[in-house]
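Colleague: I would like to learn how to read helix packing and a chain interface. Can we work through an example?

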Protein chains: 2
Amino acid sequence: MYTQSDLKNLVDKAIVNLSFNHEAEKLIDPIRYILSIGGKRLRPVMALMSCNLFNDKIEEGVIPSAGLEIFHNFTLVHDDIIDQAPVRRNFPTVHTKWNTNQAILSGDVMAFIANDCFLQSPQRCLLKVFREFNKAAIEVCTGQQLDIDYERALLVSQNEYLRMIELKTAVLLAASAKIGALIGNAEDKDAEALYEFGRNLGLAFQIQDDLLDTYGDSKLFGKMQGGDIVANKKTILSVKAFELSKGRQFKHLQELYSGNAEDSEAKVKAVMEIYDRLNIRNITETLANEYIEKAFVMLDKVDIPRERKKELTSLASSLIGRDK
Amino acid sequence: MYTQSDLKNLVDKAIVNLSFNHEAEKLIDPIRYILSIGGKRLRPVMALMSCNLFNDKIEEGVIPSAGLEIFHNFTLVHDDIIDQAPVRRNFPTVHTKWNTNQAILSGDVMAFIANDCFLQSPQRCLLKVFREFNKAAIEVCTGQQLDIDYERALLVSQNEYLRMIELKTAVLLAASAKIGALIGNAEDKDAEALYEFGRNLGLAFQIQDDLLDTYGDSKLFGKMQGGDIVANKKTILSVKAFELSKGRQFKHLQELYSGNAEDSEAKVKAVMEIYDRLNIRNITETLANEYIEKAFVMLDKVDIPRERKKELTSLASSLIGRDK
């Protein structure tokens, strides 16, 4: 069995060795850049681990898996323009280092370079793999749209928020796990179980990401505690708090979440006090745990000896912070 | 045989009937908009005519052909952001009517909707069709990059300029003709001849477009005569003029093509005088004619009775203004 680090190395090597159309170097430079500034290669590693469940040989899966990473980075390049984000993984974003036009165009061609990778899937499963990827790609764009819409919305329900993160984050993890299984020649029901494994894991991961921003150790995670609250960002915590609060408390929350607080520390404190009164942390952790449970139930369903699932279990555990 | 107008209707109908993921209407509105404000549907019509050469039944080709149109419109939406174009086909561009972020994101999802269309190609040729499309898509992005690079460049050679328009415009027409042939079950050599037909036609078309801007009847074409000259735009005419002029004439041309002329009529006149002295119109018309010749030689090579090629011949003739 390949380890996580084996697989990351394989993917990194495949990405470095990708051949591009070199007639316009300026088109390619930002692509090499975004692909070189780190990232855990989570999606391709997930795909290859999933493939490795069913097959000792995973070579056929390496290039299609790289396609998942290239697609993911395409969405990052364009999302960073949309969010006006100056920094990604501690490096300047593409539109900051170059300019918006370059980020649009280099991003665009990444979508077709990803296509090229999926077109190199084994013939026997190419169509299934490509359909799975393309469905996820459309869903990711849909999720990004909902994210934009919801940023401006006054109220977003928990279900709306969960569907948004499902589309924006979870379906690509789900598709990665399923695509790996398809390339590994898994049976349909096992591939489907791995899709559900990835989807639930992705949801849990995103909920925990929201939790960490408010309740995580800021030194450990390198982010200011409560950054999402200061930025009035909609998270599962804020969405749930608005859903549960009533009357004066609701109004107070609305006031806190409108405009820019002069004293952000006081704002974070006030919001967290309301969260406490509404038991938001507990409710949200329970929700995350439910998705984690579901993810592992789905992994159990995959008709492969438990021993062979060790790497995937450990990847999932580390993703949701259960490896400490 | 289907006529041009039959085929345009078929494509229009297919585009109207496309089913989208409706979870985020705001994502889809700009797509419906850009696809509804006209356009000749040149690429899908070309594909279906090419298909119809080999096959009386063209139904299988309709959705993949619509994919060509959707991809083409994806490039328009993003190019219009890059070029800061306010108007397209007499309607506000997507980023003007909505905003840049919306144009980026709705554009992005069009790329995957196009994928979806190609995934509906007949199984027997799906891989060939998709590879052909994807190669063209990467080339179109490369051409757009060269266009941006060359706008800023001081000097661009005729060969560089021709390669740029080949990538940006001609290869997609070429791929359209070839994809139609593949779906029509043509032999490889006929599909390849149709690719070359489309490529040469595309080059001729783009050169003639440059010619029309300076020498066309402004009333007939609805554009100001010499608009490209006023805007210091690189065209086959300007590129050729810079290549042929020397000494004082070269310097004069450089002066005229730098900065913004106060009197644009005088500028157009002065530039056209230099063009006349260098015989630019004649040289460029000859070049366009060479490509037209090559295109028709390629169409002749296709092993199908000439009578059956009537519609494609007439489409090509109208495209290069030989139908009057």
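Colleague: How many residues of chain A are in contact with chain B, and how many of chain B with chain A?

Modeller: Keep in mind that this is a predicted model. The contact involves 33 residues of chain A and 33 residues of chain B.

Colleague: Which elements give two or more residues to the chain A side?

Modeller: They are helix 2 (25-36), helix 4 (59-82), helix 6 (100-118) and helix 7 (126-152) of chain A. Helix 7 of chain A gives the most, 14 residues. Sorted by class, the side of chain A that touches chain B has 19 nonpolar, eight polar and six charged residues.

Colleague: Which residues of helix 2 of chain A meet helix 6 of chain A?

Modeller: A:Leu27, A:Pro30 and A:Ile31 do, against A:Gln102, A:Ala103, A:Leu105, A:Ser106, A:Val109 and A:Met110 in helix 6 of chain A. This contact has seven nonpolar, two polar and no charged residues.

Colleague: In chain B, at what angle do the axes of helix 1 and helix 3 cross?

Modeller: The axes of helix 1 (residues 4-16) and helix 3 (residues 42-54) of chain B cross at roughly 115° and come within 9 Å. The crossing of these two helices of chain B is right-handed. Among the residues that meet are B:Leu7 and B:Val11 in helix 1 of chain B, and B:Val45 and B:Leu48 in helix 3 of chain B. By class, the contact of helix 1 with helix 3 of chain B has seven nonpolar, one polar and one charged residues.

How values were computed:
Residues are numbered from 1 along each chain as its sequence is written. Chains are lettered from A and ligands numbered from 1 in the order in which they are written. This is a predicted model: local features need pLDDT of at least 70, side-chain atom pairs count only at pLDDT 80 or more; totals for chains, interfaces and linings use all residues. Two residues are in contact if their C-beta atoms, placed from the backbone, lie within 7 Å. Helices (H or I, at least four residues) and strands (E, at least two) are DSSP runs, numbered from the N terminus. Ala, Val, Leu, Ile, Met, Phe, Trp, Tyr, Cys and Pro count as nonpolar, Asp, Glu, Lys and Arg as charged, and the others, Gly among them, as polar. Axes are lines fitted to C-alpha atoms, for helices over the stretch in contact, and angles run from 0 to 180 degrees between N-to-C directions. A crossing is left-handed if the near helix is turned anticlockwise from the far one by less than a right angle, and right-handed if clockwise.
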